[in-house]
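These are my notebook entries on a structure that I had not examined before. I set down what I looked up, beginning with the aromatic rings.

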Amino acid sequence: MTESAAQIILSARSTGLTGSVRVPGDKSVSHRALMFGGLAIGETRITGLLEGEDVMNTAKAMRALGASVEREVDADGGTTWVVRGRGVGGLLEPGEVLDMGNSGTGARLLCGVLASHPITAVMTGDASLRSRPMDRVVAPLGLMGARFESRDGNRLPLTVIGTGDPVPMVYESPVASAQIKSAVLLAGLQAKGATTVIEPAATRDHTERMLRHFGADVRSETVADQPGAVAVTVVGQPELEGSNIVVPGDPSSAAFLIVAALITADSEVSLLNVGLNPHRTGLFETLKDMGADLAIANERVEGGEPVGDLVARSSKLRGVVVPAARAPSMIDEYPVLAMAAACAEGETRMEGLGELRVKESDRLSAIADGLNSCDVMCEIDGDTLIVSGCAGAVPGDAVAQVHLDHRIAMSFLVLGLASEQPIGIDDDEAIATSYPSFLADMTTLGANFKKVADPKRTSG
Ligand code: S3P
């Protein structure tokens, strides 16, 4: 057993988090930059790429498919990822199994790419990813002509037998999911004609923005008689041209530092260069409804995405109702919102969270179980999560189970900062999938994190 395997991270009550942090690059944008660069002709130069495990697995997969993906470091230590692509439809059959690790985004978007190439590829992932549903992309991509072989429930490992001549179609997605939308649009790139995805509610539009940036014809329109729905159409067989991409800081990573500052006394934390795509900012809106002292400055557009700097200060929070309609714009932020809710005064009801059941873990259960173990009342009523706030410090004194889920891990470490007794997590390795420098950044701000012997392994 290694030393680290016998230790866990414990987060203890802290005061005065201060400083400024440049959070790592956006995970969604990073995956897309590597994949679309691989489908473009010429050179794509990416700065700010997230070097987390999920994205590194996508880089490896694109190499296995014949794209050149290299990391360059300049004299000042600045990093640029350079992708030389093979053109739409030009990727090669991989000679190895594509291991997408923990990443649903990597796996599902790549299914769209593979489905529209005349190749056979096998994809797998870690235990979390192997348990997640792939039907949601297998079904529409099958309609376009791809074939899939998998074990029960269309879960990974999955063999994709692609087609070089996918059928363009109009697909009405039953779920508001940017991953489904993107997989179908990526397959549509190789189709002769226009492919349309109708999503029941607008989801993050990084795919649309970036495909346009690479030269594709992509349109988004509202849908008559379907309030809130969006129809996104890509015209097939474009010449994608290699481009420069600036990846903004990830608002989903910034979320942990923001909530940490809000719930920790005497704190003021600045987050620089954070992506503010309007389909990603539901958490910021919700925290403001809760009374958060959260300011956005320096708003600008960089690389086709809105960005800005955020300043979060300690705040007295109150419980709110978060409507289901807001879920697509903050789908990854409910774990950390639940931690803010645990410290707030009154009840917070988060509605329409069925999709949280199929994320990196069953997040509804992981949040509820973890909070209950910290003596915070939390219940699940259908798709609604209800947290009874403690109006200040939560009791704590628990070790939360992470279930291979980076966002559950970071959320409970954040909660420990405002708890009477420390909170630990049973596994910190998952954090590296999206935010490898999280522990270092938090410690620099003043978080009281320490490694201690795992009580489970050391007790009798
Ligand atoms: C993502 C979309 C979301 C999100 C995931 C990243 C993306 O999933 O949860 O972390 O990059 O497209 P769904 O669109 O399936 O909800």
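I looked up aromatic pairs and found four in the structure; rings of Phe, Tyr and Trp (its six-membered ring) pair if their centres lie within 6.5 Å, with planes under 30 degrees apart counted as stacked, over 60 as edge-to-face and the rest as tilted. The ring centres of phenylalanine 36 and phenylalanine 214 are 6.5 Å apart and the planes stand at 75°, so this pair is edge-to-face. Phenylalanine 36 belongs to helix α1 (residues 27-39) and phenylalanine 214 to the loop between α7 (206-213) and β12 (218-222), so the pair ties together parts 178 residues apart in sequence. Helices (H or I, at least four residues) and strands (E, at least two) are DSSP runs, numbered from the N terminus.

I noted that this is a predicted model, in which local features need pLDDT of at least 70, side-chain atom pairs count only at pLDDT 80 or more, and totals for chains, interfaces and linings use all residues. Residues are numbered from 1 along each chain as its sequence is written, and side-chain values use heavy atoms, with hydrogens and water left out.

Phenylalanine 256 is buried at 1% relative accessibility, and phenylalanine 438 at 0%. Ring pairs join Phe256, Tyr435, Phe438 and Phe449 in a cluster.

Note on methods: Buried < 20%, exposed > 50% of the residue type's maximum accessible area, 1.4 Å probe, protein only.
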